[in-house]
Every structure is written in structure tokens, then in C-alpha cells.
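Please keep the sequence and the structure in view while reading.

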Amino acid sequence: MFPFSRDDEDTFKILIATDIHLGYLEKDAIRGNDTYTTLDEILQCAKQNEVDFILLGGDLFHDNKPSRQCLHKCLTMLRKYCMGDSPVRFEILSDQKVNFNTTQFPWVNYQDENLNISIPVFSIHGNHDDPTGAEGLCALDLLSASGLVNHFGHSHSVEKIEISPILIQKGITKLALYGLGSIPDERLYRMFVNKQVSMLRPKEDQDGWFNLFTIHQNRSKHGPTNYIPEQFLDDFLDLVVWGHEHECLIKPTLNEQQLFYVSQPGSSVATSLSPGEATKKKIGLLRVKGRKMKLQEIPLKTVRQFFIEDVVLADHQDCFTPDTPHVTKKVEDYCFAKVTEMLDEAERERLGCRLTPEKPLIRLRVDYSGGFEAFNTSRFSQKFVDRVANPKDIIHFIRRREQKEIKDESSIDYGKLFKPTAVEGLRVEDLVKQYFEAAEQKVQLSLLTEQGMGKAIQEFVDKDEKEAIDELITYQLQKTQLHLQSRGVTTEQDIDAEVRLFRDSKKNTAEEEKDIQEAMNRAKAHRLERGDGDFADQDVSDVNMDSDEGSVPVAAPTRGRGRGSRGRGGRGRGRGATASEPKPAGRGRSQKSSTTSQSRSILQAFQASSQKPSRTRATKSYTDEVIIDDSDEDIPVTKAARPPPKPSSSSSSSFSKYGSQSQSQSRGIAFEDSDDDEVKQEGKFMYRMCRVKWD
């Protein structure tokens, strides 16, 4: 029987909302009060449902410096709904000086003897209300100082992040609340790749905690590093509340690789006239009891309606063509009819709901490619000035790029027709991987892996390591031959199958990376034996030029080898050896470089995350443990229990780090370092990117 048949002293009730954008268009005569009205509805819903606390996923304010009117209305509503005599029925067990480190009152507001809080509000900051200035303060810090909001998830470092949870207990239910405020996506992406982000866990009874994480970053891919892949997050999490994305996808979805659920509540106000904003706005009522959860979707009634539709004029040849007389007038009449239909639909939906604003938002995107002309949008908008909330931008004309047909090949200037374009943000390894993923089966690599080939090509291109590819092939060929001899394979068919099996078994593992590094060291040793300087071994990408990161000291160059005191690259080719690069002992036995690469590929980051102790080693079906219901009823979500943790060598620490991303200790908390040897000796793990399971 599902445990949420009734609320009791062991059930957390949490109201979840993100991206309220308080103060958006507050000077607009029609839409100025939309954000305040919706926040009032959210807080009223929290009070009516008697929630334990409210969790906000960032962007409470639309501006970094909200107006006095905006702050006044926000403080007024928080005081009205969140203060009172109702008791708070949970307790915080973690060190609050670490959890709330942005205020001079480092404790949760309901424990302040000068305040009478009935509904605590926990919030991270977003990219709109992020901390700025020398003091690193934001609007949430003002609310925190006033005692109305508990601001958490603020990281003060730009080099390393350790996320310490707020440990909350209600009855027998224990909740670990993690939060990470908005950070520039490229910087956070780089920190995840370089293992500079770690999440702390309670050392005792780790499997007894329900792990809830709220984050405010790009979830959809806006560029090579301008987003945060879900696979970067630790797999011990149970539910991730994702802010910043405005499309409402609040129903929890299972990440098949990390085996946690993701809920994206979306914004409570439309800040752009895009298709993602047209979905119905909702908030969530999350119930947690023990290790199980259930999320109830609550539609917002005060949100202004928004309808968007696309029209392609070229698809309506039966009505008009570019050669039709008075075609512009006919197109305008057609758009008028379309907007009228959308207004009628909005009126039908609004009937019976007095809280919904009268004037909806309407956007008609008109594709006028194919020879059509745009009409006067200002004159068109005047017809609906009393019926829509956005009369100035109802019509949006777009035109697809037309491809010109080439008739005479003899007169073509290919130099002007095809211009080389740079592929921004893509690394050589990524291009190699994309090529072989899209290539036909007959041209797939049989001996080498895509990662190894990509690394060898990168060494060849970036560092002028001419023997990198040859040495990788030679080294891998020798290993494969030894493997076939040890297996006693003789027939041609068995050899092909065994070679592919041997290659697949090493994909995205530590052994593969070790082989790649050994082959690169051999190529480097060959070059040094010929007398070439090794200045090219210093990867330019290793020297971090970002102002947000600390500078990387580069040792002064030393003299090269072989040809006099200057060496081969002293002046002519600029290849002096560096002090940070030890010289190899000989072929195949060169020492590893002490310069750690700060620019790792995404595949390496995924590989590192897969080496953490994971519950996915148990071969079981998770589909039987999730209740799926497509009806309008509440959707209960459960998660599989994890295997018991390994006994720790130290019992004095209250938290342990998950993964090996960092080895330092945080403010006043002792942490248990991960045992890399134990991780390596476990021998089995599921690599989630390729879903290759070892036996």
C-alpha cells in the first residue's frame, strides 16, 4: 500500500516553485501586477495545504536590484503568509553556520527567538537575482537578513565547490536538502569536468536519507559547454528540482543513466513569447515519507493565458500566392482571422475561472518565405488593442533562408560559394566521436576506440606530435596480439569477434586511458630521442586564461637535448623543454607529465563519475518500482533501495564526500576521503554513457 494515503507526523509536505521573476514588467499598465498576483497565489496555496516549508529554485526576483515597490510587495506577502503561530514540525540536524553562510544570523529563521515563522522558505539564487559587488550580496540576502527567507546554496569560491546539505528530520523521515545557486554555465561545466564539484553526505545511515537537490542552470544544450548535463550530477540523488528553464515539465522523469528523477517546475510568468512559455504554469506539492515520494501538480489560476501559433504562407496556395492581386491585404485578413480564433479559444478556457486575467498574450509567427511581403504590424495591432495584453508584438514575421538553384556549373566560383567556417566549442575528440557514431557499420573502428583515436589526433593537431597516431596503432596492435595469443584464438571469424570484444571491454575505462597515455608517452619519447625540444608538450589549453580562475604557474624553459646548449627548438622553432616536464627514461617507460590537463573532454568526466560507488551494479529492473499513471491523479514515485555502504575506517566524521572530486576539508566539518584503491578493486560498474555492463 502506498504510504501517502494520509498525511502524518512522518510525511514532509514541500511546496516547490521556481522562476517567479517578481517585478517583471512592473511598469506595464496591463501586465505590471502579474508576478505579484501569482506569488500571492503560491503563498496562499502553501498556507492552505499546511506545508512544512517552501522550496524556491531561483529567480525569485527578475532584476538584480529590484525596485522599492517590488521589495515592499515581496516583504508584505512573505510576512502575511509565512509568519504566524502554526508550529514547525521538523528539526535541522546539520551545522547551520555552513548551510546559511551569507548572513550574520547563521541559523534557520523559525528558530530565531525574535521571529514567529509558521512556514519557512528555503531558496537558492538564480541568474537574475545573483550576488554581485565586492560583498557578494543579492536581493535574497536582504530577505535573509530580515528573517523571512533562508538563503542557501551560495558558493563563495570560483575554483572549487563543496555542497553541504541541510539535514532535516520529521518523525522517521530524514531529508538531505542540497542546493546550488546559479553559476555561469561555462565555468560550472569546467568545474564538473575537472572534478572540482563535490557533494557531501552524512557518514552514518547514508541510505536512510532522501536526497533532494535544487539547481538553477541551463538544462537544455545551448552550446558545447553552455549547459549542465544531468550525468554530471551524483547518482545518489533521489530528486532534482531544476530551475532556470521556463517550460513547465514538473512531472518527475527518470534519468536512465543516473537513476534519479528530475522535476522542472518552470516559470510562473511568461517572460518571453516563445513556445516553451505557452505550456500551462504549475507548482508542485511534494510529499516525502521515508525513501518514497509523491509529487502533486497544482495548476496556477492567476497566470495570464498565452497562445502561440505558426503560419507558413507558402502552405496556403489555395488561398493566395505571391502573384495574387492584393496578396498583402489577403494575408493580413488571414492573420486577423487566426488571431480572432485564438482569442475565442482563450475566452472559452477562461470561463469559470475568475482569477485568470481577462486579456491573454497572443503571438502569431508568420513565415513569409517564397516571395510574400510583410504588412504593417503597427496598424494590424491597433485592431486588438483592447483585447490582448501585448498589442505591440502580436505578429512576428520570420523568413527561412532560401537555397538558390545552381544552373551553370561552369560559371560557379566555389571559393565564394563555400567558405570555411570554424566549429566553435568542439574539440577534436568530439568530432572524431561524432564521425564514427554517424559512420556506416563497415567503417567503424575495429581495433581502436573513438576516445583513443580522438586523443591521438588531438596530440597531432594541437601539439604537433607527429608519431601519436602511429604509436597508438602500434601499441594497441601489440596488446591485441598478446590478448589473442593468451586466448588461443585461431579462426578468422573468432579473431574478429574477440578483437571487437576486447576493444569494447576497454571503452571508457581507466585501462583505456592508461593505454592512451602510454602510447602518447612513447611518441613523446621518440621525439626526444631524435633531439626535438619538448616545449610542444605544454598544452596551451592547460594554461587557464579565464579571469574567474587562478593562474597556472608555468616553469621557465630549460635547455633542450642533443644539439649544443640551445637545443633544436631554442630559437628557430620555439620548442624549449619545460622544467615541469620530466624527461622519459626510454621508449615505453617515460614518466607521466606532472602538468594536469585542465581541459578534459565530457567523456572523461562521465567516466570519472562512473567510478564512484554506484547502486546500479545490482542487475535488476527498475521499471517495476515506479508507478506510472497518465491520468490526472497524483503520480507517486518511488526509488530502489541502495546496497548498504561499506564500513568506514573513521567514525568521527559527520559527513563523507561522494566521489573523489576533492580531497580538502570544508569549514569546520570533517570529511571522509574516498578510497581510490577500493573503487578500482570493485571491478564492476555500469558505464552509463554507453550502457556497457561488465561481467
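In strand β9, V197, M199 and R201 point one way, while S198, L200 and P202 point the other way, and all of these residues are buried. The model shown is a predicted one. Strand β9 spans residues 197-202 and is mostly covered, with six of its six residues buried. A partner of β9 is strand β6, residues 161-163; three bridges join the two strands, which run parallel. Within this pairing, I161 stands opposite V197 of β9.

**The open sheet**

Which strands form the open sheet, and in what order? Seven strands take part, in the order β3-β7-β8-β10-β11-β13-β12, and their pairing is mixed. Inside the listed order, β10 (residues 209-216) and β11 (residues 239-243) run parallel and are joined by five bridges. L212 stands opposite L239 in β11.

| Strand pair | Bridges | Opposite residues |
|---|---|---|
| β6 (residues 161-163) and β9 | three bridges | I161 and V197 |
| β10 (residues 209-216) and β11 (residues 239-243) | five bridges | L212 and L239 |

**Helix α4**

Helix α4 covers residues 139-146, and its buried residues are A139, L140, D141, L143 and S144. These buried residues pack against α2 (68-82), β4 (121-123) and β5 (150-151). After α4 comes G147, which has a positive phi, near 85°.

**The pair α11 and α12**

Two packed helices are described by the angle between their axes and the distance between the axes. Helix α11 (residues 468-487) and helix α12 (residues 492-506) pack at an angle of about 120°, and their axes are 11 Å apart. Because of this angle, α11 is oblique to α12. The crossing of the two helices, α11 and α12, is right-handed.

Which residues of α11 and α12 meet? From α11, the residues are Q476, K479, T480, H483, L484 and R487; from α12, they are I495, E498, V499, F502 and K506. Sorted by class, this contact of α11 with α12 contains four nonpolar, three polar and four charged residues.

Methods: Residues numbered from 1 in each chain as written. Predicted model: local features only at pLDDT ≥ 70, side-chain atom pairs only at ≥ 80, totals over all residues. Heavy atoms only, no water. Axes fitted to C-alpha atoms, helices over the stretch in contact; angles between N-to-C directions. Helix = DSSP H or I, 4+ residues; strand = E, 2+ residues; numbered from the N terminus. Parallel < 35°, antiparallel > 145°, perpendicular 65-115°, else oblique. Left-handed = near helix turned anticlockwise from the far one by under 90°. Contact = heavy atoms within 4.5 Å. Nonpolar A, V, L, I, M, F, W, Y, C, P; charged D, E, K, R; others polar. Pairing = 2+ DSSP bridges. Buried < 20%, exposed > 50% of the residue type's maximum accessible area, 1.4 Å probe, protein only.
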